[in-house]
Amino acid sequence: GKPFVAINCSAVVPTLLESELFGHVRGAFTGADANKTGRLKLAEDGAVFFDEIGDMSLDLQAKLLRVLQVREFEPVGGVDRIPFRARVVSATHRNLKAMVADGTFREDLYYRLAVSTIHVPPLRERRNDIPLLANHLLGRIMRELQKELTGIEEQALHALQTHDWPGNVREFENVLTRAVLFARGDTITLEAIGAAMDRGPQAASRAERIKTLREAEREHVESALYATGWNITHTANLLEISPTTLRKKIADYRLSPP
């Protein structure tokens, strides 16, 4: 029931982001012909979500750090102090620890933000989620395109699960949307998936066929581990091997939990 204000730090021009956050008073800069209320004030006692905070400039990082420390801010060109009561949530696709080491992200801001962190693994590390995610997204896609399908054929679903998805869920949703458009019957076929991925009809399955036995086993062991939440005993039972053998394979393939 409280305000939720989202700010995409990579979508706003850096010189304008400060005004978006803190607001400005009339005459603060060229073109500021009226007062503007900043996003931090609009959040009141709700939440502010900084998306792609790793793209924020160092100068603005310092100003945001001060806001989080003193819990107040001033509009650009103004002198009145405005209390900041909202909680802060942030997200990034960048490695902030590496950026801190490189000097491109403030260490003090990092520790101010990283009170509680949630790591979302890339889609290639949670392939067992793909069928559930596909069903969820297909429902929305079909409503938007006003096209009814009964589902995805097994071969097509297998192609989706064996793709590495460098673009993660955004790429996955894009491929599904195109596959719905390309579908000629009442289901999404392997041919539709191949066309949606800008490949030939059999390209997705061809990539799977040329994998070595070691590559295939590594992916299978990794998928089983993720399916059981890295429970060694349960995974060993599923694979019908001993826990000792499983631990050796984990070491040989250099697998590590998320």
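The axes of helix 6 (residues 130-145) and helix 8 approach within 10 Å and cross at roughly 55°. That makes helix 6 oblique to helix 8. The model is a predicted one, in which local features need pLDDT of at least 70, side-chain atom pairs count only at pLDDT 80 or more, and totals for chains, interfaces and linings use all residues. Residues are numbered from 1 along each chain as its sequence is written, and side-chain values use heavy atoms, with hydrogens and water left out.

**Helix packing**

- Helices (H or I, at least four residues) and strands (E, at least two) are DSSP runs, numbered from the N terminus.
- Axes are lines fitted to C-alpha atoms, for helices over the stretch in contact, and angles run from 0 to 180 degrees between N-to-C directions.
- Helix 6 passes helix 8 in a right-handed crossing; a crossing is left-handed if the near helix is turned anticlockwise from the far one by less than a right angle, and right-handed if clockwise.
- For helix 1 (residues 14-22) and helix 3 (residues 58-70), the axes come within 11 Å and cross at roughly 15°.
- Helix 1 and helix 3 are therefore roughly parallel to each other; angles under 35 degrees count as roughly parallel, over 145 as roughly antiparallel, 65 to 115 as roughly perpendicular and the rest as oblique.
- The crossing of helix 1 and helix 3 is right-handed.

- An open sheet is formed by 3 strands in the order 1-4-7, with parallel pairing; two strands pair if DSSP finds at least two bridges between them.
- Strand 1 (4-8) and strand 7 (87-91) are the edge strands, each pairing on one side only.
- Neighbouring strands of this sheet are turned by 20° against each other on average, direction ignored.
- Strand 1 pairs with strand 4 (residues 47-51) in the parallel sense over 5 bridges; Phe 4 has Ala 47 as its bridge partner in strand 4, and Asn 8 stands opposite Asp 51.
- Strand 4 and strand 7 run parallel and are joined by 5 bridges, with Phe 50 opposite Ser 90 in strand 7.

**The largest pocket**

- The largest pocket holds about 1,500 Å³ of space.
- Among the 34 residues that line this pocket, the closest to its centre are Ser 90, Ala 91, Thr 92, His 93 and Ile 118.
- Strand 4, strand 7, helix 4 (96-102), helix 5 (107-113) and helix 8 (168-182) each give two or more residues to the lining, and strand 7 gives the most, with 5 residues.
- The lining comprises 16 nonpolar, 9 polar and 9 charged residues; Ala, Val, Leu, Ile, Met, Phe, Trp, Tyr, Cys and Pro count as nonpolar, Asp, Glu, Lys and Arg as charged, and the others, Gly among them, as polar.

**The cavity**

- The structure holds 1 cavity of 30 Å³ or more, and the largest cavity has a volume of about 60 Å³.
- On a 1 Å grid over the protein atoms alone, a cavity is a set of points where a 1.4 Å probe fits but cannot get out, a pocket is an open set with protein on both sides within 12 Å along at least five of seven lines, and lining residues have an atom within 4 Å of a point.
- Residues lining the largest cavity include Arg 124, Glu 125 and Tyr 226.

Conventions: Points joined across faces, edges and corners; volume = space filled by probe spheres on them.
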